[in-house]
Amino acid sequence: MTLPRELFLTSTGLLIQKPIKELENLRAEHIHLENQILEPDTNLLLNLQGTTCDMIVEFEFEVAKEFGIKVLKSAKKETVIGYNVEKEEIYIDRRNSGETTFNGFFPSIDHEAVKAPNHRIKLHVFVDRSSIEVFANNGEMAMTSLIFPDLLGKGFELFSNGGAVSCVENLSNNIFLSERIYSEKLQEKHEFVRLYF
């Protein structure tokens, strides 16, 4: 877990997690997706480049087998955040995320079960260079992953396999390039104390 979050207990007894609202202060460049149809082999985010991102996308599917978001893409590397319809799972695939050779267990696919009511999945994804946070269906599920992308990994892509999906037309579908949570500017404003034990 890298982001501060709030915990809520729903009326049905489900514990959900949401990123704190103050993180919205880091949002910068903004893209709004208005009822876009995502076809296989198309990229609605072709011109989006960056290493930090706050992305909220709600997908609606009928026949698609798999869909999601690829982050920190270069010509040969990418990290995939996806939903497998048959398995009803959200996953983070970091097998081709960048530097993975330092440990045999690092190139992995991590997954969690998530239902898709009315054939819809909402993803809220935070990317900050080497960390990824995923919140699904308004905090019903949360995942965190560490990656080591190459220096050219700045691309993003929405993808679909096995059929088209819709980016639902509502206020949710927003993509923001973000300021880094820790930056040189922040370091200049604050005095840090080193503790040695």
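**Reading burial and contacts in a predicted model**

Biologist: A polar contact of 3.0 Å links the side chains of Lys 122 and Asn 138. What counts as a polar contact?

Modeller: A pair of N or O atoms within 3.5 Å; within protein, one must be able to donate a hydrogen and the other to accept it, and residues adjacent in sequence count only if both atoms are side-chain atoms. This is a predicted model, so local features need pLDDT of at least 70, side-chain atom pairs count only at pLDDT 80 or more, and totals for chains, interfaces and linings use all residues. Residues are numbered from 1 along each chain as its sequence is written, and side-chain values use heavy atoms, leaving out hydrogens and water.

Biologist: Where do Lys 122 and Asn 138 sit?

Modeller: Lys 122 is in strand β10. Asn 138 is in the loop between β11 (131-136) and β12 (141-146). Helices (H or I, at least four residues) and strands (E, at least two) are DSSP runs, numbered from the N terminus. The protein has 1 helix and 15 strands.

Biologist: Is Asp 54 buried or exposed?

Modeller: Buried, with a relative accessible area of 2%. Asp 54 is in strand β5. The Asp 54 side chain makes a polar contact with the side chain of Arg 27 at 2.8 Å. It makes another with the side chain of His 124 at 2.7 Å.

Biologist: Which other residues does Asp 54 touch?

Modeller: A contact means heavy atoms within 4.5 Å. Leaving out residues up to four places away in sequence, Asp 54 touches Arg 27, His 124, Val 125, Phe 126, Asn 174, Ile 175, Phe 176 and Ser 178.

Biologist: What does a nonpolar core include?

Modeller: Buried Ala, Val, Leu, Ile, Met, Phe, Trp, Tyr and Cys residues, joined through side-chain atoms within 4.5 Å. The largest core here has 36 residues, and Met 55, Leu 123 and Leu 158 touch the most other members. Strand β5 (residues 52-61) gives the largest share of this core, 5 residues.

Biologist: What does Leu 123 contact beyond its sequence neighbours?

Modeller: Setting aside neighbours within four places in sequence, its contacts include Met 55, Ile 56, Val 57 and Phe 59. Ile 69, Ile 81, Ile 90, Val 134, Phe 135 and Ala 136 are also in contact with Leu 123.

Biologist: What share of contacts joins residues at least 24 apart?

Modeller: Take contacts between residues at least 6 apart in sequence; 66% of them join residues at least 24 apart. Asp 41 and Ala 164 are 123 residues apart in sequence, with 9.9 Å between their C-alpha atoms. Lys 122 and Cys 167 are 45 residues apart along the chain, with their C-alpha atoms separated by 9.6 Å.

Methods
Buried means under 20% relative accessible area, exposed over 50%, partly exposed in between (1.4 Å probe, protein chains only).
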